[in-house]
Amino acid sequence: MAFQALIVFTLACLCVPCDGKRTFIEIDASSNDVQKGEGKPVFQEQWITQKLDHFNGADSRVWNQKFLVTETHYRAGGPVFLMIGGEGPINAGWMAMNPGSAWLTYAKKLGALCFMVEHRFYGDSRPTVDLSTENLRFLSSQQALADLAHFRTVIAKQRGLTNSKWVAFGGSYPGALAAWSRLKYPYLIHAAVASSAPLHATVNFSEYLEVVWRALAAENPECPLLVKKAFDTLQERIKDPNNYDNITEDFNLCSKLQIQSEKDRAYILDALADNIMNTVQYNNDNREFEHVLDTNCTIKTVCGVMSDASLGDPYYRFAAFVRLRTMTHLKPCFKDLTYNANLQDLRNTSYSGPHGGGGRQWMYQTCTEFGYFQTTDSPNQPFGGFGLQYHVEQCQDSFNISAKTLYAGIDQTNENYGSYNIRATRIVFPNGSIDPWHALGITSSISDDLPAIFIKGTAHCADMYPARAEDLPQLTLAREHIFQLLQKWLKEK
């Protein structure tokens, strides 16, 4: 449940025709897409027909949206839980009970029917034949929320759940969607759990790296200073072409470093810094059930390597950490591209293209709605070389979106949803102190009906993952608090 950082800032078309009587088609429970339990399916893959443009009555075009459903925990009269997909394919692991993610634990206790809905333009939910910029104009949070509203309306009518209480769940961008679904459609969504939700859109998200600095310093006060020394040295060495061979070897790059423009320099610096940024963002999150490979790389690992004088000066320690993380991902070398080569990949409009799995789509959303560009513009962070202008120019180069249009889109998002001043009821905002995204979220309760749960020492979406014995006590308490709120809110009319 996370944002693709490296692509933008460091998260064959399947057509299923509908018959005239039903708006979704059940997949045979014996298919390979169904995980089985004791004699009955744990979840089923199904589809629902959606309008391409919910806000244009004259446009009758439709497409098919993928969703998963499990009745394993449902008890008649129980609530309906709606897990919202985000900037990538939905992961069926979130529907499985071994181990069970937090929302399924709540569902088991409360007897909830559970749905997980894929976001338009991601995964198998493909409203258009390709990802051309012309087609991506139908990709927006507002269209996605309208998809959810239609889904809720149709499924409720079809399954006799109109009077049931629906609760929206989501983490990261889907966490914001969960909150906004309650804000925009309060007559359809009874409550929402908005984990690690960035509710404030901003072009220059310089606070991200400030949180990275503080997270490293919490482990070891010297750690971010050593990272900064390493990166200062890298920035200096990368200015001289005579150093390119050595840098290529030091960081085990897949091809010889090529710097032909300032954008090339910013691109490689951003890519290398992302190794630490990503490690901090997901520090100690229980992501094993998603088959993530780098869960053993933590802030402790970063600071341990950066403090190891036997590896040489801080520059070589940083290079050693990058090599270590590359190995953790089972890669033979660190893939580096020039800015223009990456740009060509981003401009590929095929769903099967290099960034068709979500990178192109998410970059479009950041360029039109959110910004979220993780820049080095603050002095209170350890990196340098990929400032705001670099990110803004990517929008122009990739989609011909000007800076003026970019800023206008971000302003419109905050006007539409309220930013930090969201006004609704029955939304809980869990955030972790180590997660850089908490800087754009709600970390102090707005009211009794808009409570914040700020979890010290945890990272991105930590409350959503399966519980484990080594969880921090405050994380266990946070999950219990969320459950108590759900119990309370489900009793309210």
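In which helix do R265 and E262 both lie, and how many residues apart are they? Both belong to helix α8 (residues 262–281), where they stand three residues apart, about one turn of the helix; helices (H or I, at least four residues) and strands (E, at least two) are DSSP runs, numbered from the N terminus. The structure is a predicted model, in which local features need pLDDT of at least 70 and side-chain atom pairs count only at pLDDT 80 or more, while totals for chains, interfaces and linings use all residues. Residues are numbered from 1 along each chain as its sequence is written, and side-chain values use heavy atoms, with hydrogens and water left out.

Side chains of opposite charge can pair when their charged atoms come close. R265 and E262 form a salt bridge, with 2.6 Å between the closest N and O atoms; the term stands for a side-chain nitrogen of Lys or Arg within 4 Å of a carboxyl oxygen of Asp or Glu. R265 counts as buried at 16% relative accessibility, whereas E262, at 58%, counts as exposed, given that buried means under 20% relative accessible area, exposed over 50% and partly exposed in between (1.4 Å probe, protein chains only).

By this rule the structure has 17 salt bridges. One of them joins the side chains of D124 and K66 at 3.0 Å, N to O, and this pair links distant parts of the chain, since D124 sits in the loop between β5 (113–117) and α2 (133–136) and K66 in strand β3 (residues 62–70), 58 residues apart. D124 is partly exposed, with a relative accessible area of 26%, while K66 is buried at 11% relative accessibility. Another salt bridge connects R479 with D471, whose closest N and O atoms are 2.9 Å apart, and both of these residues are buried. R479 and D471 also belong to a network of salt bridges that includes E288 and R468.

F81 and F169 form a tilted pair, 4.8 Å centre to centre with 55 degrees between the planes. Because F81 lies in strand β4 (residues 80–84) and F169 in strand β6 (residues 166–171), the pair ties together parts 88 residues apart in sequence. Both F81 and F169 are buried.

Conventions. Phe/Tyr/Trp six-rings, centres within 6.5 Å; stacked < 30°, edge-to-face > 60°.
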